[in-house]
Amino acid sequence: MRASETPPRSAGLLSRGRPFRFVIAGTVFVAFDTPIRCGNTAGLSGRLSRLASLFSALPGCSMMAKGGFALPTPTPASSALATRLKAQAVQCGFALVGIAPATEADGFAHFREWLDRGYAGEMAYLHKRAEARRHPQSILAGVRSVVMVAMEYRGSRRPEEPATAAGDSAALATVSSAAPVRARVAKYAQGPDYHPVMWGRLKTLAAWLEGEVPGCHTAAVTDTAPLLERDFARRAGLGWMGKNTMLIHPRRGSFFFLGALLTDCELPPDEPFRPVHCGTCTACLQACPTQAFPEPFILDATKCISYLTIELRSSIPPQYREAMGDWLFGCDICQDVCPWNRRRFWRDESQQPSHPETRREEVPFPHDPDLEWLDPIELLNYDADNFRQRFKKTSLWRSRRTGLLRNAAIVLGNIGDERALPALEKAVRDEDEVIREAAAWAIERIRQRTSSVYSGLPSAPVD
Ligand code: B12
Ligand code: SF4
Ligand code: SF4
């Protein structure tokens, strides 16, 4: 008997009249020296079944033997393993879990086109490792399954505090001198840096799987690895890609992080999420203050406040500064307006809907109320040490001191009054050119606004 292995590949077949997708992760070819008559494969099947049962004894290994045509389907053993794996994922604190086959990413061509159109801006890492995003094999050799998980975060939005219509300078200019000057942080960043939290939970899940399937290999990834996460999340059945490009789940909305556990253990894939529940809605496209969607489902990141405040290292182009409003770090507007996120994330739990899924015991992602809003005047006084101490373990570390102080100055230019001038005047002497330039811009804006307010006052009465 000779045995050989084929590399992973996928195929589509009809099973009971319904489309069925599966992965042939490895095929063991056998040859018998006993002649078998055409149409009579009983002897072959018997021997193959015995061989298959040897493999099936390995936990998590699924195998189906067929003489003539090989139709591998998940064995009850691997389905049971998948079910227990999913239960374990919930125990680890994940709100959603699904399994996608480890085949080429459906959206890879779309991703390449997106890069070619220049929408990635200065995010050089996306260009550098572009080809690696074609197939998860680039992260884990021999990968067969991609277990996609979602970890929810809850932010600060309350009914009385809708996201500021950034760019609405009339509203912003009404800031009274008694009101605190504060700058808004995107919900996902109102807590610890999510990467270690996600990796920690994924590693617990990986350890469980490795215990169940000795010898299997895993890789835990979130955000930084070359994986098109939303693509695989859709294929794992976690939701659809909205017109705002977020992955949206019908009951969970879109305020969650994605993570992936890659494994060479073969697991039965879930059905991909096929419908797109956006319908005729265009709320996100209209609400985006920088008009960052050239068309539905496509984001030009170079115009997105999230990119401008977090990823961009240089000065923020002047045409987007006013539209930033009071967003200091990231932006949630295209999610806040999405009907699929309505009724969720009020911090007052009494306003939560009573859907059974929301009542389920979950390990919440830690939320820090002190990170909901930050004082941009205080931030301008931060040196490198203050910055490190306060933000090293948070997502805000990503923008570095330069980016955060630059953003603080711009927010002050948009909403600040004369109280901000001393801090800004100090910042125009900062050693960092990017901070100096933003501070000078903000001073100019505040002075223009103050002088227009005074020129609008009625003249003093003449005795
Ligand atoms: C680069 C990046 C950004 C960039 C660009 C965002 C973008 N829309 O592309 C910037 C800095 C702007 C950004 C912002 C944000 N990000 Co971001 N970001 C990423 C990152 C690292 C890569 C995304 C990417 O490759 N973009 C390029 C586009 C082309 O790919 P894509 O968005 O995945 O789109 C796929 C599908 O849309 C699909 N597709 C679309 N159209 C079509 C059509 C066809 C025919 C097909 C077949 C496929 C297809 O194919 C694409 C490629 O797979 C991912 C993590 C990861 N590794 O995936 C996180 C990620 C997408 N970001 C995330 C978050 C939370 C955010 C913010 C909400 C943060 C904030 N509050 O400020 C914002 C949201 C802005 C927005 N509306 O997207 C989460 C999203 C979770 C979710 N529920 O969707 C991710 C997954 C990180 C994580 N691990 O949780 N981000
Ligand atoms: S995150 Fe903000 S700026 Fe970016 S696309 Fe959404 S609404 Fe527009
Ligand atoms: S706001 Fe409307 S169009 Fe945009 S993602 Fe949500 S449902 Fe889709």
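## A look around the predicted model

Residues 24 or more positions apart account for 76% of the contacts in this protein with a separation of 6 or more, a contact being two residues whose C-beta atoms, placed from the backbone, lie within 7 Å. This is a predicted model, where local features need pLDDT of at least 70 and side-chain atom pairs count only at pLDDT 80 or more, while totals for chains, interfaces and linings use all residues. Residues are numbered from 1 along each chain as its sequence is written, with chains lettered from A and ligands numbered from 1 in the order in which they are written.

The protein has 17 helices and eleven strands; helices (H or I, at least four residues) and strands (E, at least two) are DSSP runs, numbered from the N terminus. There are 463 residues, and 41% of them count as buried. Buried here is 20 or more other C-beta atoms within 10 Å of a residue's own, exposed is 12 or fewer, and partly exposed is in between, with C-beta atoms placed from the backbone.

**The four-stranded sheet**

Let's start with the open sheet whose four strands come in the order β3-β4-β9-β6, with antiparallel pairing. Strands pair if DSSP finds at least two bridges between them. The edges belong to β3 (96-101) and β6 (218-221), each with a single partner strand, so one side of each has no neighbour in the sheet. From one strand to the next, the twist averages 20 degrees. For angles, axes are lines fitted to C-alpha atoms, for helices over the stretch in contact, and values run from 0 to 180 degrees between N-to-C directions.

β3 and β4 (residues 145-152) run antiparallel and are joined by six bridges. In that pairing, L96 has A150 as its bridge partner, and I99 has V147. Helix α6 (residues 194-212) packs on the sheet, where it touches β4, β6 and β9 (256-263), and its direction makes about 35 degrees with that of β9.

Another open sheet has three strands in the order β10-β5-β11, and its pairing is mixed. Here β10 (327-329) and β11 (373-374) are the edge strands, each with a single partner, so one side of each is left without a neighbour in the sheet. Strand β5 (residues 183-185) runs antiparallel to β11, with two bridges joining them, and A183 stands opposite L374. Helix α15 (residues 400-415) lies across β5 and β10, at about 175 degrees to β10.

D375 sits in the loop between β11 and α13 (376-380). It is partly exposed, with 15 other C-beta atoms within 10 Å. Not counting residues up to four places away in sequence, D375 touches V181 and R182. The C-alpha atoms of D375 and L412 are 9.7 Å apart, although 37 residues separate the two along the chain.

**The nonpolar core**

A nonpolar core is a set of buried Ala, Val, Leu, Ile, Met, Phe, Trp, Tyr and Cys residues joined through C-beta atoms within 7 Å. The largest one has 108 residues, and those with the most contacts inside it are M148, A150, A408, A409, L412, L424 and A442. Helix α15 gives the most to this core, with eight residues. Leaving aside neighbours within four places in sequence, A409 contacts L380, L424, A427, I435, A438, A439 and A442.

**Around the ligands**

The shells count residues whose C-beta atom, placed from the backbone, lies within 6 Å of the ligand. Ligand 1 is surrounded by 36 residues, the closest being G107, L228, D231, S306 and G330. At least two residues of that shell come from each of α3 (108-116), α7 (229-235), β9 and α9.

The shell around ligand 2 includes C288, C304, C331 and C334, along with N244 and S306. Elements giving two or more residues to the ligand 2 shell are α9 (305-311) and α11 (333-336). Around ligand 3 you'll find, among others, C278, C281, C284 and C338, plus K243, N244 and W340.

For the table, Ala, Val, Leu, Ile, Met, Phe, Trp, Tyr, Cys and Pro count as nonpolar, Asp, Glu, Lys and Arg as charged, and the others, Gly among them, as polar.

| Shell | Nonpolar | Polar | Charged |
|---|---|---|---|
| Ligand 1 | 21 residues | eight residues | seven residues |
| Ligand 3 | eight residues | three residues | one residue |
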